Amino acid sequence: MEELKNIAPTLANRAKKVHFDVPEDYFELLPHQIQERCGLKQNTKKQFFTLNKFRVSIFAGVGMLMALFFVFSAQEQKTPNATTEEISLYISQNMEEEFDEELLIDAISSKKINSTSTMEDYLIESEIDEELLTEELL
Amino acid sequence: MAEYSDNELIEMLHSDNSSYGFNLLVRKYQKRIYNQVRRMVVDHDDANDVVQNIFIKVWQNIDKFQANSELYTWIYRICVNESLTFLKRKKTKFFLPIVDIEKELSGKLDSGSFTGDEIERKLQKALLKLPEKQRIVFNLRYYDEMLYEEMSKILTTSVGALKASYHHAAKKIEEILMGD
């Protein structure tokens, strides 16, 4: 204050007090508020990443479902939509002379028709003459 | 609560106990920093925002703090920068020339949150007429009784220039106080 005595005596002689009102308990609460804000930033970051993970999972799930849908629909399209008559016609035109019992046996075995009842059912349904078949096979 | 030295606080801030150390640091400096900021921005809510930002910056940058400089000086430097940035932003936000900011802040001194007598109010209003940097020099020297050498580190200005600035400010304020 010595330096002010000559140039600013009024200032030099004044008591220096703080004259600004501060809310009650302000300085008690301020450190907690500041720490909370520092912590809040970290939490906000955490929440942001958690939320993003959640969103990514949802998008990934939806993506996978869409991919599966397209794969299956593509496979369905590959399956020929031929009617039974068309198949019979194709067989009669292309396989009649080259029909081979071994091929039939192979076809039956590849379909894994193991049980006798299934075999009998098939023969009845297809109206195949058993005697003729036995003659052919023997 | 025992007040820790700056070195002890720095050690704590760099340890696993950093959160507690930070709490102690805020408690040690909050009043000085708040009063410094409040004299600059006048309004409590504005001062509160600026003070919180100052300590958040301290927390965020404590790893970058170099032990060869003083913690006290470093915090005050952040305080000065944040206060000036706040006032600058306020001006550009509302496209107000300096005189209007001074009017606005002066008006706030007439509100109920200022409890000083008439001469004190006059002193605070006179302070608002000073250029911002000169006001900071005056506040640091007059209210905080800071040494010119410390102020020099904070404001990166020579001791001679600071002395001259303080003398000009004090003379101007005295004239305003004696004016009426």
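**Helix packing and the A–B interface in a predicted model**

Me: In chain B, which residues of H9(B) do B:Tyr148, B:Glu149, B:Met151, B:Ser152 and B:Leu155 in H8(B) meet?

Reply: The model is predicted. On the H8(B) side the contact uses B:Tyr148, B:Glu149, B:Met151, B:Ser152 and B:Leu155. By class, the residues of this contact are six nonpolar, two polar and two charged. The partners in H9(B) are B:Val159, B:Leu162, B:Lys163, B:Tyr166 and B:His167.

Me: How are H8(B) and H9(B) oriented to each other?

Reply: Helix H8 of chain B covers residues 148–155 and helix H9 of chain B covers residues 159–179. Their axes come within 9 Å and cross at roughly 105°. Angles from 65 to 115 degrees count as roughly perpendicular. The two helices, H8(B) and H9(B), are therefore roughly perpendicular.

Me: How are H6(B) and H7(B) oriented to each other?

Reply: The axes of helix H6 (residues 118–128) and helix H7 (residues 132–143) of chain B come within 10 Å. They cross at roughly 140°, and an angle counts as roughly antiparallel when over 145 degrees. H6(B) and H7(B) are therefore oblique.

Me: Which residues of H7(B) meet H6(B)?

Reply: H6(B) brings B:Glu120, B:Leu123, B:Gln124, B:Leu127 and B:Leu128 to the contact. Over both helices, the contact residues divide into five nonpolar, two polar and two charged. The residues from H7(B) are B:Arg135, B:Phe138, B:Asn139 and B:Tyr143.

Me: What area is buried between chain A and chain B?

Reply: The size of an interface is often expressed as the accessible area lost when the parts come together. Here 29 residues of chain A are in contact with 46 residues of chain B. Carbon and sulfur atoms give 59% of the buried area. The total is about 3,500 Å².

Me: How far apart are the closest N and O atoms of A:Arg14 and B:Asp117?

Reply: Between chain A and chain B there are five salt bridges. Across the interface, 17 residue pairs are in polar contact, both residues being at pLDDT 80 or more. A salt bridge requires nitrogen and carboxyl oxygen within 4 Å. A:Arg14 and B:Asp117 form one, with the closest N and O atoms at 3.5 Å.

Me: Which element gives the largest share of the side of chain A that touches chain B?

Reply: The elements of chain A that give two or more residues to this side are helix H1 (2–7), helix H2 (9–12) and helix H3 (26–78). The side has 16 nonpolar, six polar and seven charged residues. The largest share, 13 residues, comes from H3(A).

Key. Residues numbered from 1 in each chain as written. Chains lettered and ligands numbered in written order. Predicted model: local features only at pLDDT ≥ 70, side-chain atom pairs only at ≥ 80, totals over all residues. Heavy atoms only, no water. Contact = heavy atoms within 4.5 Å. Buried area = accessible area lost by both parts, 1.4 Å probe. Salt bridge = Lys/Arg side-chain N within 4 Å of Asp/Glu carboxyl O. Polar contact = N/O pair within 3.5 Å; in protein donor to acceptor, adjacent residues only side chain to side chain. Helix = DSSP H or I, 4+ residues; strand = E, 2+ residues; numbered from the N terminus. Nonpolar A, V, L, I, M, F, W, Y, C, P; charged D, E, K, R; others polar. Axes fitted to C-alpha atoms, helices over the stretch in contact; angles between N-to-C directions. Parallel < 35°, antiparallel > 145°, perpendicular 65-115°, else oblique.
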